[in-house]
Amino acid sequence: MVYMTYLLLIGLVLGLAAVASNPSPYFAALGLVTVAGMSCGILVGYGGSFLSLILFLIYLGGMLVVFAYSAALASEPYPEGWGSWPVSTLMLAYVLLVVCVSVFFSGGWFEGSWVTVDEFSEFALFRGDSGGIALMYSSGGGILMLGGWVLLLTLFVVLELTRGLSRGTLRAV
Amino acid sequence: MTLTHYAFSSSYFMSFLGLIFYRKHLLSALLCLEAMMLILFISLCLWGLILASTVFSAGPMILLAFSACEASAGLALLVAMARTHGTDRLKNLSLLRC
């Protein structure tokens with residue numbers, strides 16, 4: 001179990017190095033999907049299964065799908081993957097940076113708790129993170145209303161930015 | 001520093017470096033920004049889970065909602081840039097200027 005979390009953490013760092021080395025956006029979106037999958041596994045390993053499900057549905061299934069469709073705007077005849085010279089050099093540099101800085105921060109490397117969140121408690125129907133999220137509807141009703149309002153405002157922001165016909169925010173569009 | 005803590009801190013700074021040293025496309029910079037938001041989400045989730053205090057589990061979900069707002073605003077700007085300049089390459093912004 002610890003080995004699986006360890007492997008997922010290594011996959012996370014390598015996948016983010018693949019995204020941060022700025023290849024063509026097709027490949028960077030693929031790297032981000034991999035990173036999101038690894039981080040869902042890490043969340044499950046720590047006991048947050050509902051939060052992992054939320055991440056898969058909303059982040060991967062909502063936001064990254066939109067990013068993948070928008071990658072059509074970044075089309076080029078010869079997309080640069082990780083085989084081209086600048087991208088692979090940057091990726092190697094980022095991985096080496098992470099490995100070298102880990103030397104300074106290696107005190108207490110294995111001292112953390114690898115136990116899932118509800119390991120030592122009694123049997124319950126409401127697991128830890130599900131019970132915590134339920135508070136968003138009771139005590140956190142204000143922030144829920146605020147979040148809904150902000151999402152509605154963002155819809156109008158996006159519509160106004162891409163309105164076109166030289167009547168929107170950007171006149172030339 | 002524990003292994004998990006170091007992994008998330010270093011990934012955050014690495015995607016921040018990827019945002020700073022952008023190369024050609026605006027979309028790859030936006031993807032690095034999304035990666036930063038993802039790492040923030042995971043870190044907030046793990047904060048409540050590792051300390052077994054899951055009261056704050058609603059915090060990462062609100063962060064996800066606001067991150068969706070930010071991503072959609074960034075993508076709208078990308079679409080506007082593709083409409084005016086034909087592509088999202090950042091050097092096109094200063095190509096025909098004196």
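Modeller: Happy to. In this predicted model, the buried residues of helix 1 of chain B are B:Leu3, B:Thr4, B:Tyr6, B:Ala7, B:Phe8, B:Ser10, B:Ser11, B:Met14, B:Ser15 and B:Gly18.

Colleague: Nice. What covers the buried residues of that helix 1 of chain B?

Modeller: Both chains take part: the cover includes helix 1 (2–20), helix 2 (25–45) and helix 4 (85–101) of chain A, along with helix 2 (26–50) of chain B.

Colleague: And how many residues does helix 1 of chain B have?

Modeller: Helix 1 of chain B runs over residues 3–20, which makes 18 residues. From first C-alpha to last it reaches 26 Å, close to the 26 Å expected at 1.5 Å a residue.

Colleague: What about helix 3 of chain B, how far apart are its end C-alpha atoms?

Modeller: They are 41 Å apart. Helix 3 covers residues 58–85 of chain B, and at 1.5 Å a residue its 28 residues should span 40 Å, so the two values agree.

Colleague: Which residue follows helix 3 of chain B?

Modeller: That's B:Gly86, and its phi is positive, near 85°.

Colleague: Let me jump to B:Cys32. Where does it lie, and is it buried or exposed?

Modeller: B:Cys32 lies in helix 2 of chain B. It counts as buried because its relative accessibility is 0%, and the cut-off for buried is under 20%.

Colleague: So what is B:Cys32 in contact with, leaving aside its neighbours within four places in sequence?

Modeller: From chain A there are A:Val19, A:Ala20 and A:Asn22, and from chain B there are B:Ser15, B:Gly18 and B:Leu19. B:Ser15 and B:Gly18 are also among the buried residues of helix 1 of chain B.

Colleague: Switching to chain A: how many helices and strands?

Modeller: Six helices and zero strands. Chain A is more spread out than a compact globule, because its radius of gyration is 21 Å, well over the 16 Å that the globule rule gives for 173 residues. Its C-alpha trace spans about 60 × 50 × 25 Å along the principal axes.

Colleague: How much of chain A is buried?

Modeller: Of its 173 residues, 39% count as buried. The accessible surface of chain A comes to about 9,800 Å², and 75% of that belongs to carbon and sulfur atoms.

Colleague: Last one, how many positive and negative side chains does chain A have?

Modeller: Chain A has 4 positive and 8 negative ones, and the centres of the two sets lie 28 Å apart.

Terms used
Residues are numbered from 1 along each chain as its sequence is written. Chains are lettered from A and ligands numbered from 1 in the order in which they are written. This is a predicted model: local features need pLDDT of at least 70, side-chain atom pairs count only at pLDDT 80 or more; totals for chains, interfaces and linings use all residues. Side-chain values use heavy atoms; hydrogens and water are left out. Helices (H or I, at least four residues) and strands (E, at least two) are DSSP runs, numbered from the N terminus. The radius of gyration is taken over C-alpha atoms; the globule rule is 2.2 Å times the number of residues to the power 0.38. Buried means under 20% relative accessible area, exposed over 50%, partly exposed in between (1.4 Å probe, protein chains only). Accessible areas come from the Shrake-Rupley method with a 1.4 Å probe; for residues, only the protein chains shown count as cover. Lys and Arg count as positive and Asp and Glu as negative; His and the chain ends are not counted. The place of a charge is taken as NZ of Lys, CZ of Arg, CG of Asp or CD of Glu. The expected span of a helix is 1.5 Å times one less than its number of residues. Contact means heavy atoms within 4.5 Å.
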